[in-house]
Amino acid sequence: MGKRLLVVDWDYFFEVKECPDPHWFMFDWGHNENWNPLMQQYLWHERAAHFLRRGMPLPGPTGLQETFWERFAFTQKTQLFVSESNFVSMVPKVRQGVTDVVLFDAHHDGGYKEVLGKNWTCENWAIWYGLKGVPVQVYYPTWRTQVFTLEDYCMAESLGLPFHRQFDHEQPDPCPFDRIHVCRSGSWVPPWLDGAFQTFLEACPAYARLAKIEPPSLDPRTFDLEQVHANIQAWEQLKALA
């Protein structure tokens, strides 16, 4: 019997403002999962400073994560995998025997370029399933109102693979899942939400069968709010001298 895989990207719960929202430029970030931790730490401190310097609160989760798990059914043996990158959704330990994939993500991961490339990555892992004939159902959060305009190319769809995208209207899924993979997406979601991420994981019914299967640490990342305020103060002093 086949196994159902539920894939959840933590960035699904972190709303990024998009044009024409007046604050879209505050979220116009470059992203690269290959940046080292020190580089990412510096960038997140600077991004936090952009908000606080303008008197804006640091952005938080949408709140959808609080009742998310209640929508699904699981078996008593459902295993939970957690990693930093959604690429792990197609590694052998996760994909073995999977015949159905349901993805909740702010991005489709079905290939954003017309050339596949030599390696499987966080951008195209879902194509692997499609090429094996495994259907992939992608659910976007409704806050991504421009997603079919901003991400109008999807290689999986262009190849005619069993790949479907739609907005998530929070409907329950009564068919049990056998495996769950949750990725933190630290390049997309800020470190000040790491505590909320841990709470989300612990609320999962399969948390007792948690397996961390990727080398990078999933411990809370370094985020020093005092350092952010110090950076803002230094910036203001420099600006006063100009």
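Val-8 is buried at 0% relative accessibility, where buried means under 20% relative accessible area, exposed over 50% and partly exposed in between (1.4 Å probe, protein chains only). The model is predicted, so local features need pLDDT of at least 70 and side-chain atom pairs count only at pLDDT 80 or more, while totals for chains, interfaces and linings use all residues. Residues are numbered from 1 along each chain as its sequence is written, and side-chain values use heavy atoms, leaving out hydrogens and water.

**Surroundings of Val-8**
- Val-8 belongs to strand β1 (residues 3-9); strands (E, at least two residues) and helices (H or I, at least four) are DSSP runs, numbered from the N terminus.
- Setting aside residues up to four places away in sequence, Val-8 touches several residues, among them Phe-13, Trp-69 and Cys-183; contact means heavy atoms within 4.5 Å.

**Salt bridges**
- The whole structure holds 10 salt bridges, each a side-chain nitrogen of Lys or Arg within 4 Å of a carboxyl oxygen of Asp or Glu.
- Asp-168 and Arg-71 form a salt bridge at 2.8 Å, N to O. This pair links distant parts of the chain, 97 residues apart.
- Asp-168 is buried at 4%, and Arg-71 is buried at 12%.
- Arg-184 pairs with Glu-84 in a salt bridge, with the closest N and O atoms 2.9 Å apart.

**Cysteines**
- The structure contains zero disulfides, a disulfide being a pair of cysteine sulfur atoms within 2.5 Å.
- For Cys-204, the nearest cysteine sulfur is that of Cys-183, 14 Å away.
- Cys-204 is buried at 3% relative accessibility, whereas Cys-19 is partly exposed at 48%.
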